[in-house]
Amino acid sequence: MPDQDVELSRAQWGSRFGFLMAMLGAMVGAGNIWRFPYVTGENGGGAFLLAYFVLLLVLAIPGLIAEVAFGRYAGKGVIGAFREVASSRGMVGLGVVVLIVNVALMSYYAPVVGWTLYYAVHSLLFTFTSAGFAPEAFWEGFRASGVWSIGSHTAVMALVAAILYLGIRRGVERLVIYAVPGLVLALVAIMIRALTLPGAAEGLAFTFGIEWGKLGLGQTWITALGQVLFSTGLGWGIALTVGSYLPDYDDIPIGGGVFTVIGNSSIGILAAFAIFPIVFAFDLDPGSGASLTFVSLPQVFPQMAGGALWAILFFLGFFLAAFTSAILITEVSVTTLSEETRLTREQTVIGVCGVIWLLGLGSAYSPGVLNFLDFVFGNFGLPLSTLAIIGAIGWSMGHLGPEKLRVLEINRNAGLYVGSIWGPVVQYVIPLVMLLIVANYAWANFGTPEMIGGVAVFFGIPVLGYALMASLEGRSDSLPREQTR
């Protein structure tokens, strides 16, 4: 049965804990368990972590506070929030831009979640500790099999649809309040075991040892910034959507900003603590890239006492992290389109998940398609979406700009006071850094098909957003409000 919560206007999180777990579950995904360790390994360990934490403090915390506050201020999904502050149809069209980027990102993220599901199932079947198990052949065989790749992608989208169909409280909140603590416990258990292995000290030295010379490299900072965006979800529309269901009395700076960033980063560090001691104990390459999680680590489980249990804990935790993010990413489109069309929430869930499944077939089947979309939308689409949201907050809320949001939403009932310096950071610092990211990638990849595709996305999606806005404008006001429950 769909969620039958009795609401006068709009669903809200049933508890502050539910909201906090939703924020954390949205941000903690494959970016923490899969991407964070290997990106750290490729970029010098401690130097990368230092750059990463500086950017979290300067950009992620003020940016997430802004996005959550924007969502609660508007009390609507992405397009409705932009309409609340927009002075023109073109500005509302930027809300469509966020929606398009969100769907595109989810279309190739869903197959990655499918990888984690496939490995979680095989961990339960004790595949990774069976005689003759060959990690590289297993991984290559899975990726080469259209049946298993597309099948796992299909299973993930079916599970996402089932959770979202139940609604905000009965579906999303009930999942995250168990899944996120379960993930943390699994990582803590693996970390404790990893730190007892011979050679674990080398892993810790690598993680925290700082090569000061790397801090002077632009590549270190650009990569750290990309990881901040990827792992915190800043600009995806997720924090805006989660914030739109937040009650008026809840604290935004601590819950929506500081807790989320610290919790998200702590889980990333937990993953590094769990992985790098194992990497050094078994003489693996910490800079082996994306294959670190799916090829390098599975080969060590048979060599560990109780390896089958550790494999289950790791890959189930990995799946929970990726799956909770997938739920909240998809919720952005569900919330928005259920408000902007005449469809019920249940119809919207089925439609949105069906579209994402269809768009994701190419990425599920072909690694080349997934890598291309990741480059184009990860490096160009995501900064564009972030610019749209931060731009709406910084420059479209009347002559007071973000100061209005700071006074009306952020510092109301806040346990942490946000000073006036926050406004210039949102108006100038975050947008400038986003533009530098785009310029850096465009320059580094000048003339390549990926760069051409990225530039087309960066400049083409706003045009598409404006065109689509013409068909959506004016519909939401006539819709019954119970659709947003």
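This is a short tour of a predicted model, stop by stop.

**Before you start**

Residues are numbered from 1 along each chain as its sequence is written, and side-chain values use heavy atoms, with hydrogens and water left out. Because the model is predicted, local features need pLDDT of at least 70 and side-chain atom pairs count only at pLDDT 80 or more, while totals for chains, interfaces and linings use all residues.

**Whole chain**

Show the chain as a cartoon. It has 19 helices and 0 strands. Both are DSSP runs, numbered from the N terminus: helices are H or I with at least four residues, strands E with at least two. Of the 485 residues, 61% count as buried. Buried means under 20% relative accessible area, exposed over 50%, and partly exposed in between, with a 1.4 Å probe and protein chains only.

**Stop 1: α3 and α4**

Select residues 46–74 (α3) and 78–85 (α4). Their axes come within 9 Å and cross at roughly 80°. Axes here are lines fitted to C-alpha atoms, for helices over the stretch in contact, and angles run from 0 to 180 degrees between N-to-C directions. α3 and α4 are therefore roughly perpendicular to each other. Angles under 35 degrees count as roughly parallel, over 145 as roughly antiparallel, 65 to 115 as roughly perpendicular, and the rest as oblique. Show F70, Y73 and A74 of α3, then A81, F82, E84 and V85 of α4; these make the contact. By class, the contact has 6 nonpolar, no polar and 1 charged residues. Ala, Val, Leu, Ile, Met, Phe, Trp, Tyr, Cys and Pro count as nonpolar, Asp, Glu, Lys and Arg as charged, and the others, Gly among them, as polar.

**Stop 2: α6**

Select residues 135–144. P135, F138, W139, F142 and R143 are buried. Seen down the axis of α6, these buried residues fall within an arc of 125°, so they line one face of the helix. The arc is that of the directions from the helix axis to the C-beta atoms.

**Stop 3: α7 and α15**

Select residues 146–165 (α7) and 345–365 (α15). The axes come within 9 Å and cross at roughly 160°. α7 and α15 are therefore roughly antiparallel to each other. The residues of this contact divide into 14 nonpolar, 5 polar and 2 charged. Those on α7 include H153, M157 and V160; those on α15 include C353, I356 and W357.

**Stop 4: T330**

Move to T330, in helix α14 (residues 307–340). T330 is buried, with a relative accessible area of 0%. Leaving aside neighbours within four places in sequence, T330 is in contact with M106, V160, L164, V352, C353 and I356. V160, L164, C353 and I356 also belong to the meeting of α7 with α15.

**Stop 5: α9**

Select residues 200–208. The buried residues are A200, G203, F206 and T207. Seen down the axis of α9, they fall within an arc of 120°, so they line one face of the helix.

**Stop 6: L384**

Finish at L384 in helix α16 (residues 367–395). L384 is buried, with a relative accessible area of 8%. Not counting residues up to four places away in sequence, L384 touches V97, V457, F458, I461 and P462. Draw a C-alpha to C-alpha distance from L384 to P462: 8.9 Å in space, 78 residues apart in sequence.

Note on methods
Contact means heavy atoms within 4.5 Å.
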